[in-house]
Amino acid sequence: MGNVYHRIGQLTTEKADANYMAAIAVPKAKALVLTATYGGQVRQGYQILTDIGNSKVAAAAVMPLLISSVKEGLEFEMISLEDAVRQARDARDSLKPDFTELIAAGSSQATRAKPFADYAAQNGASLYRISSRISQEEDLTKADINALVGAVYDMLRKEKGATARLKEEIRDYIRTRKVDEQVLKLLSEMMPQFSRPPEYDTLTARIASLNSKIQETASTLKRLESGQASNDEAGLAALTHALFAMKQGQVVPEEVEIVGVRIQVEQEIQKILGARYGSHFLAKVAETLAGGSNKKALAPYELADAINGPDDVQAPYLQPQRLAHMASALIRTLDTIVVAYFISDEQQSYKAADVRSSLLLSALLPENPAIRKLYPPEAVAVQGQPELSKQISERTAEAFKTGLMAGLAAKKLGMDGMLNKRSLDALVSLLDNLMPVVPMPIYELGGIGRMLPVLGPQIEKLDAELSSLHEQLTQIEESLSKASGAMSEPQRKQYKTGFEKYNPLAMKQRRLVDRYNSMITRAEKIPEELQARFGVDIEATASWNDSIVAEAAAEIVKLFGGEFAFVKPVIERRKDLELKLQGANAEIGQANDKQAVTL
């Protein structure tokens, strides 16, 4: 099969043989459960175990992603901080006293100066003339304002450590109504009616703290965006050391400094690669590609033993044999449902031909690689009637989408309260994700079993045609030999036509025979391969009885949830459906000499 490599985000794994044994998370499972499959089967969205590759190469590849991840986090933090500042300001503003009458356009100097004159008088200052003018609402002279502000400032400097800047702000406020936060705070302390609750100062302190963090975060972002990180050799060396420690399963430095920014390296690496399990990461695959990659940042984790699973990862492990059994149970469930629907749908022309349930099932998952292996299109189609096959498939797919299939099948199986469109959608989705994880040779073997009966008659038909042509050519040659004369024009045309037909037919027959023989050879090798690589006993996988059905159904519910409780009763009703089919097919056979549907 050649080599493959996986793309994980913007990183890639080293190339590996397509048949390497990947440790993969069972898709759609309610909790993490690992199993094994071929690396070449890993599809987009699947999660596999990976390791750090060459530490130095990995560090060079990871650093820009690390910086981008940190920047993204900081940008989100900036948004959160700015939002927190807005909320704190709104909350503080709701607590702010109403100073409108003191700073309104119509307020007088006397109104603005009164709180300061009262404060000075309460603290022993003798400002009788100024206080008299204020009480009579007279404007203060420049000398009056300077005297008042000077007296207040001396008291505030001794009592509160006020600065000269506050002195100027008080003077500006009395003269011009220009006011800032410090003056308002001072007024609220001087005048009981304007006092502020303790929460106001708490919010003010919080706003200052948040603004400080915003400035610090902005500074950090600026350093990360400067482009200096790409030339930070010390940062690259520290990151290389941290990745090497991860690769060896050792203690990782809590932080790595890049361009002066301290980064929690392990936390950020896990954001990029996925959950960490010792020296391994559970990473989501973006794409599996053929060939090899020169970037060796990651290395695919290869299982040494598919029966027991990884011995250094603390996670439940599901043997491929058990997974194959569950997939088979789900296929049987869906197969039974599509047949129950098909024989109930009056618009399906099933009486006109031999229709296989595999054709119906394939119509629901036409692009699934496992379905195409298990049910080769040329093997499941209505033989000799491609248009009818297409019509049946399209009708079946439409019935699934609209919910008609679920409704008719539920009624036929007597499961109206348990089987519906939602449960059928879940079943098809689970199969679509689960089947490609099961080792593909299991399905390949089933597909071969379906193809051989199709190829055999084709080969026999070609053999008969070739034998007939050969006999005709031989007769012409013998007649010429006996006559010892020239070939007549009719004989020449007959011989030429026969000869021209013979070679293409012989070549087609040879290709079919080679294909047939290669399938038989492959079918003989698959059971041995599955047993050796995955511990899968193909005969055990194909065998079914009541206890196996119950066990598989219980495991499905345990692994994927109670929504699949309908699996067991559907499979149990399969026998009754087969009996009904036998009766229906017998009646149809008498009328049309055709079998309606085959399970």
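Select helix 1 and helix 8: their axes come within 9 Å and cross at roughly 160°. Axes here are lines fitted to C-alpha atoms over the stretch in contact, with angles from 0 to 180 degrees between N-to-C directions. Helix 1 is therefore roughly antiparallel to helix 8, a term for angles over 145 degrees. The contact between them divides into 18 nonpolar, 4 polar and 10 charged residues. Asp, Glu, Lys and Arg count as charged, Ala, Val, Leu, Ile, Met, Phe, Trp, Tyr, Cys and Pro as nonpolar, and the others, Gly among them, as polar.

This is a predicted model, where local features need pLDDT of at least 70 and side-chain atom pairs pLDDT 80 or more, while totals for chains, interfaces and linings use all residues. Residues are numbered from 1 along each chain, and side-chain values use heavy atoms, without hydrogens and water.

Next, select Val 70, Leu 74, Glu 77, Thr 220 and Arg 262, which lie nearest the centre of the second largest pocket, among 16 lining residues. A pocket is an open set of points on a 1 Å grid where a 1.4 Å probe fits, with protein on both sides within 12 Å along at least five of seven lines; lining residues have an atom within 4 Å of a point. The lining comprises 4 nonpolar, 5 polar and 7 charged residues.

Last, select Asp 154 and Arg 157, both in helix 5 (residues 142-160). They form a salt bridge, with the closest N and O atoms 3.6 Å apart; the rule is a side-chain nitrogen of Lys or Arg within 4 Å of a carboxyl oxygen of Asp or Glu. The count by this rule is 22 salt bridges.

Notes. Helix = DSSP H or I, 4+ residues; strand = E, 2+ residues; numbered from the N terminus. Parallel < 35°, antiparallel > 145°, perpendicular 65-115°, else oblique.
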